[in-house]
Amino acid sequence: MNPGPPPSAEPGRLPVPGDLEPIPGQLALPGMPSPGEAADGQATLPGLEFPAADARDDRARVGDGRSGDDGELAAVAAELRGLDRDGSRTAAAIRGALDMLLDGQHTGRYRWEQLHKTEKTHAGTLVEIALARELRLADGTTLDYTIAGADVDCKFSHRLGGWMIPPEADGKLMLLVQASDEDGTWSAGLLRAAGENLRPAANRDGKRALNDHGRAAVRWLHSRAPLQENALIRLPERDVAAIFALPAGQQRVNELFRRAQRMRDSRTVLATVAMQDDYMKRVRDGGGARDQLRAEGIVIFGDYAGDQVLASALGLPRPGPGEFVSARLVPLSRRPSVPGAREPGGAAQRDYARSIRLAGADWLLASGADPAGPAPALPR
């Protein structure tokens with residue numbers, strides 16, 4: 001995609017470091033007169049210098065490739081936003097396509113770099129199909145989709161700005177998708193593949209990359225939004241090596257929960273580590289990691305509503321659908337008193353912040369200095 005960072009993620013998402021792309025046009029600095037200054041001398045508030053175009057006017061115009069006056073592009077953008085306002089459905093489709101490509105359950109792979117060149121080429125097809133299924137997009141006449149009555153071609157790149165536009169898409173609308181496990185983000189935007197947006201030189205297949213103007217002209221629907229975390233990428237290499245060095249699937253799953261504490265572990269990560277068809281059995285009560293690690297004080301929170309509440313109360317990441325979060329707990333009775341704090345009777349007051357009550361006792365997240373000991377079973 002775009003060599004500079006795209007605009008920031010939608011409201012409610014974590015901010016992304018880095019400078020935003022400049023907004024086309026000249027903006028007045030705060031406190032300085034602006035072109036939109038009212039007749040009574042009151043300056044336009046920063047950010048309001050360019051009024052939003054009326055959606056009906058956008059749909060009525062046929063543009064020259066610039067998203068600001070491309071009615072067809074505006075209609076497609078509105079349709080996609082209506083189908084997936086917060087981007088969660090698109091994110092799930094991209095995650096599923098990448099996981100299918102890696103096929104960790106059968107290969108043990110978890111990084112993009114572990115794929116063969118031909119597999120990386122196939123990623124675009126998997127993402128295209130996954131999005132069509134998730135958003136129920138109709139087939140296009142000559143391109144991938146029909147959206148709001150327009151033919152739209154879908155292109156995926158693991159690298160921001162790495163899309164190659166085929167000759168049959170010249171002048172057509174493009175849905176540009178990018179995702180990276182290493183960055184933990186994904187983006188999607190629209191662009192018309194007009195000549196002004198493409199480099200003149202093509203490869204032997206006639207495909208052309210975006211030029212600087214094209215990268216700046218992408219109309220972002222979702223920019224650097226969070227992609228479901230891959231814990232194996234977040235762990236240090238020595239920890240991953242220690243996990244995969246163990247011979248049995250149950251041992252590897254146990255080691256994952258020991259080393260990836262306070263992190264979200266998805267079902268895909270579990271399947272990659274276990275490399276077995278019954279990988280979920282390696283987690284559950286009744287002989288799985290939950291039972292085997294309890295003696296070490298490690299509990300495994302899942303996507304049950306009660307587990308989510310307990311994990312949040314401890315300040316842990318909240319497990320989403322199909323996710324698990326492990327953590328070692330220690331009873332509050334073993335934790336030293338808070339220095340200097342006194343109860344009314346003069347006794348030292350204990351720190352009850354971030355504690356949960358299990359099996360009639362209060363439990364905290366253990367630190368490295370806390371002695372090992374058994375943890376209680378989570379209520380079911």
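In the predicted model, the second largest pocket holds about 640 Å³ of space. Two elements, α5 (117-135) and β3 (150-157), each give two or more residues to the lining of this pocket, and α5 gives the most, with six residues. The lining comprises 18 residues in total, among which K120, T121, F156, G162 and M164 lie nearest the centre of the pocket. By class, the lining residues of the second largest pocket divide into seven polar, six charged and five nonpolar.

Helix α5 also takes part in a helix-helix packing, its partner being helix α3 (residues 88-102). Two packed helices are described by the angle between their axes and the distance between the axes. For α3 and α5, the angle is about 140° and the axes are 8 Å apart, and the crossing in which α3 passes α5 is right-handed. On the α3 side, the contact is made by R89, T90, A93, A97, M100 and L101, which meet E119, H122, A123, L126, V127, A130, L131, E134 and L135 of α5. The residues of this contact between α3 and α5 comprise 10 nonpolar, three charged and two polar.

A further helix, α6, spans residues 212-217 and contains A217. The relative accessibility of A217 is 15%, and because buried residues are those under 20% relative accessible area, A217 counts as buried. Between A217 and R192 there is a separation of 25 residues in sequence, while their C-alpha atoms are 8.8 Å apart in space.

How values were computed. Residues numbered from 1 in each chain as written. Predicted model: local features only at pLDDT ≥ 70, side-chain atom pairs only at ≥ 80, totals over all residues. Heavy atoms only, no water. 1 Å grid on protein atoms, 1.4 Å probe; cavity = no way out; pocket = protein on both sides within 12 Å on 5 of 7 lines; lining within 4 Å. Points joined across faces, edges and corners; volume = space filled by probe spheres on them. Helix = DSSP H or I, 4+ residues; strand = E, 2+ residues; numbered from the N terminus. Nonpolar A, V, L, I, M, F, W, Y, C, P; charged D, E, K, R; others polar. Axes fitted to C-alpha atoms, helices over the stretch in contact; angles between N-to-C directions. Left-handed = near helix turned anticlockwise from the far one by under 90°. Contact = heavy atoms within 4.5 Å. Buried < 20%, exposed > 50% of the residue type's maximum accessible area, 1.4 Å probe, protein only.
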